[in-house]
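Student: Could we go through this structure together, with each term set against its definition?

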Amino acid sequence: MKILVCISNVPDTTTKITFTPDGKSFNTAGVQFVINPYDEYALTRAIELKEAQGGTVTVLNVGEADTEPNIRKALAIGADDAIRVNIKPTDAFLVAQQIAHYAKEGGYDLILMGRESIDYNGFQVHGMVGELMGIPTIAPAMKLDVNGSTATLEREIEGGKEIIEVALPLVASAQQPMSEPRIPNMRGIMTARTKPLQVVEPVGQEAKTSVQKYELPPAKSGVKMIPAENAGELIKLLRNEAKVL
């Protein structure tokens, strides 16, 4: 079984978000980047399947050279090889195009990724990849098992859970508790240095969308303390200022 795991490079969750003076891009100065946490669920489950059933795990990242440390981390965790598509991931369709092209070219049985990236929270790429490849997409999956050429997945629905059986190949996006993300050990870190990392050029059309401006949310105002006996004033503030009534 050939598994492709798509990973994205995102700011660490403790990062203080700022933007460039023109408001058109994220200010990366001094920012620590990590593998998208949802993608780590997909990566770990792929490695578990490989260990149980055999096969290979390839990681794919759409990004520039500064993403390579996290690609190497994915290799250290247990992936066999990696592909980096050499283009800045400016929108979901652009990313999906690259994934779909190289997934088709590689003949993968299972294409996994996180449900969304924690920077943009778009929840779009997996569906686009499935559509471009003409194969099923299951999103988001909490559990994934493979038996021969059939995958069984579990996902949350309104008021319960849904269990789905689908023939390979397919695209699936992961969320907790699909797996417990792994920390690379020393042996993994050492072997990751020699694992293949292929850099390829982008294909297809340009991005469909562009950012006009980023803005931070308004600063929170101070807390107003209202005496318990002054319920009328509290109701007035909730109605006119907080606008929750």
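Student: Which residue is the bridge partner of Leu-4 in β4?

Tutor: The bridge partner of Leu-4 in β4 is Thr-58. This is a predicted model, in which local features need pLDDT of at least 70 and side-chain atom pairs count only at pLDDT 80 or more, while totals for chains, interfaces and linings use all residues. Residues are numbered from 1 along each chain as its sequence is written, and side-chain values use heavy atoms, with hydrogens and water left out.

Student: What makes strand β1 (residues 2–6) and β4 a pair?

Tutor: Two strands pair if DSSP finds at least two bridges between them; β1 and β4 have five bridges, in the parallel sense, so they count as paired. Five bridges also join β4 to strand β5 (residues 81–85), again parallel, and there Thr-58 has Asp-81 as its bridge partner.

Student: Why is Ile-189 called partly exposed?

Tutor: Buried means under 20% relative accessible area and exposed means over 50%, with partly exposed in between (1.4 Å probe, protein chains only). Ile-189, which is found in helix α5 (residues 186–192), has a relative accessible area of 35%, and is therefore partly exposed.

Conventions:
Helix = DSSP H or I, 4+ residues; strand = E, 2+ residues; numbered from the N terminus.
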